[in-house]
Amino acid sequence: MNISSSTFMLPFIACLPLMASAAAPPATQDFVLDNGLKVVVREDHRSPIVTAQLWIKTGSSHEPPGQSGLSHALEHMVYKGSSKACAGEFMTVLDKLGASHNASTSADYTVFYQTLPSSRTGVAFEILADLMSTAELNEQDFTPELKVIQEERRMRVDDEITASVHERLNSIAYPASSYRTPTIGWMHDLQRMNTVQLQQWYQAWYSPDNATLVVVGDVAPERIKALAQQYFGHLEQRATPVTPAPVELASAGERSLTLHAPIASPRLIMSFNAPSLATAPDRRTAHALRLLDMLLAGSSSARIKQQLQRSDTIFTEADSEYDAFKRGDSLLTITTQLNPDKLNDADEALVRLWQVIESLKSKAPEPAELERAKNLVIANTVYAQDDLEGQADTLGLLETIGLDWRLADRDTDELNTVTPLDIQQVAKTYLTRERLSTAKILPEKNNG
């Protein structure tokens, strides 16, 4: 069970915008069953394989205070037995078919996916329909599984410095929204979680009208429609809670925290509140933020890496991240590591980073610099669509955060419309101290 994803870059990207723009989008259709389940079908006949993904519109950002971790715990539990299978039986069936299968939870969604021979699509549908409707959430199964989740938290968060710092930074970077809630849950909430809460969460959110079924592969849309009706059509539609998108304060004020940890080098993280594709005043703003992220520290030619990491003795590592694909407001985050010999220079490092940021505000980037950033962002996007699961991820994510899946086919063209002045404007608007949260992680004084 995973909670994150990664991206990658490939060479020969200079001509990608033209290549990507010229390529016709794959044949894709959607339809909605009478019970509200939306189904998106994309044909890809390169191999006799299909991936089926069931996206449930619930994650940690939907969870009320005191009940963090419910969505992730439920993801663990739905395979523990149902009306059609005992615990682990569905996994055995899929393994015998040579299928790959997994699930993940985020702030905005829980997704279950299976990739298997397209001739066995009905098997995937039967399993997915059963887990979303008749899961048996028993105390005898939940008690040991909850201990597994608690240990997962200890290993992945409590004992992992980077994850622990980001969790604490999120708690101040999102002062007005539920994105501060960790997906895996706070430990004190996990220690008091019970099956009654779990069953209530299941009944509240696992309804067909709160889900999207995404199918990509060697399939015929009419056949998928028939199978979807056969396996999902009988599921009862239920009213689901209404949860507004997590929107942040426009000017929350500068926030900061300082932590001491058993590390050799100081680290400095800056997070700026910024909109996503779903909350930006227009999509062009979010695309400009994606490119600004790349210009700052998203590649070897980015400004922070060129001006600071390579030419400055303070920095040894630098990176940046911006997630445009959220149902609520997002963050643009710059993460750096300092030279071990500069243990007292965290404040000076912050000054240097602000100098790079201010340079983007005072002067728009040159067209050639922006073009390189576009090529890199588009490369990541295009090559992520090479496999069936990558395509399904994009379609399902867009639908789940409240956007149309058709935006996936417009992404390259919309990125290419962003101008240097757009970059300068979003830097002026969103990279401000009023939107900034800073984390300084310093070596423990008795370390080394």
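This is a predicted model: local features need pLDDT of at least 70, side-chain atom pairs count only at pLDDT 80 or more; totals for chains, interfaces and linings use all residues.
Local features require pLDDT of at least 70 and side-chain atom pairs pLDDT 80 or more, whereas totals for chains, interfaces and linings use all residues. Residues are numbered from 1 along each chain as its sequence is written, and side-chain values use heavy atoms, with hydrogens and water left out.

**View 1. Packing of helix α2 against helix α5.**
Helix α2 spans residues 70–77 and helix α5 residues 139–158; helices (H or I, at least four residues) and strands (E, at least two) are DSSP runs numbered from the N terminus. The two helices pack at an angle of about 125 degrees, with their axes 10 Å apart. Axes are lines fitted to C-alpha atoms, for helices over the stretch in contact, and angles run from 0 to 180 degrees between N-to-C directions. The pair α2 and α5 is therefore oblique; angles under 35 degrees count as roughly parallel, over 145 as roughly antiparallel, 65 to 115 as roughly perpendicular and the rest as oblique. The crossing of α2 and α5 is right-handed, a term used if the near helix is turned clockwise from the far one by less than a right angle, with anticlockwise giving left-handed. From α2, the residues His72, Ala73, His76 and Met77 meet Asp141, Phe142, Glu145, Ile149 and Glu152 of α5, contact meaning heavy atoms within 4.5 Å. By class, this contact of α2 with α5 holds 4 nonpolar, 2 polar and 3 charged residues. Here Ala, Val, Leu, Ile, Met, Phe, Trp, Tyr, Cys and Pro count as nonpolar, Asp, Glu, Lys and Arg as charged, and the others, Gly among them, as polar.

Helix α6 (residues 161–173) has 13 residues and reaches 18 Å from its first C-alpha to its last. This span is close to the 18 Å expected at 1.5 Å a residue, the expected value being 1.5 Å times one less than the number of residues. Ser164, Val165, Glu167, Leu169 and Ala173 are the buried residues of α6; buried means under 20% relative accessible area, exposed over 50%, and partly exposed in between (1.4 Å probe, protein chains only). The cover over these buried residues includes α5 and the strands β7 (255–261), β8 (267–274), β10 (330–338) and β11 (436–443). The axes of α5 and α6 come within 6 Å and cross at roughly 90 degrees, and the two helices are therefore roughly perpendicular to each other. Arg153, Arg156 and Val157 of α5 make the contact with Ala163, Ser164 and Glu167 of α6. The contact residues of α5 with α6 divide into 2 nonpolar, 1 polar and 3 charged.

**View 2. Helix α16 and its contact with α10.**
In helix α16 (residues 420–430), the buried residues are Asp422, Ile423, Gln424, Val426, Ala427 and Tyr430. These residues pack against β8, α10 (283–297), α12 (346–362) and α13 (367–384). Helices α10 and α16 pack at an angle of about 90 degrees, with their axes 9 Å apart, which makes α10 roughly perpendicular to α16. On the α10 side the contact is made by Arg284, Thr285, Ala288, Leu289, Leu291, Leu292 and Leu295, and on the α16 side by Asp422, Ile423, Val426, Ala427 and Tyr430. Of the residues in the contact of α10 with α16, 9 are nonpolar, 1 is polar and 2 are charged.

**View 3. Ala302 in the loop between α10 and α11.**
Ala302 lies between α10 and α11 (303–309) and, at 2% relative accessibility, counts as buried. Leaving aside neighbours within four places in sequence, Ala302 is in contact with Met294, Leu295, Leu296 and Ala297. The C-alpha atoms of Ala302 and Ala373 are 8.3 Å apart, with 71 residues separating the two in sequence.

**View 4. Three residues of the loop between α9 and β7.**
Glu236 belongs to this loop and is exposed, with a relative accessible area of 60%. Apart from neighbours within four places in sequence, Glu236 is in contact with Ser207 and Pro208. Leu249, in the loop between α9 (221–232) and β7, counts as partly exposed at 43% relative accessibility. Glu236 and Leu249 are 13 residues apart in sequence and 38 Å apart in space, C-alpha to C-alpha. Not counting residues up to four places away in sequence, Leu249 touches Pro175 and Ala176. Gly253, also located in the loop between α9 and β7, is partly exposed, with a relative accessible area of 23%. With residues up to four places away in sequence not counted, Gly253 touches Arg433, Glu434 and Leu436.
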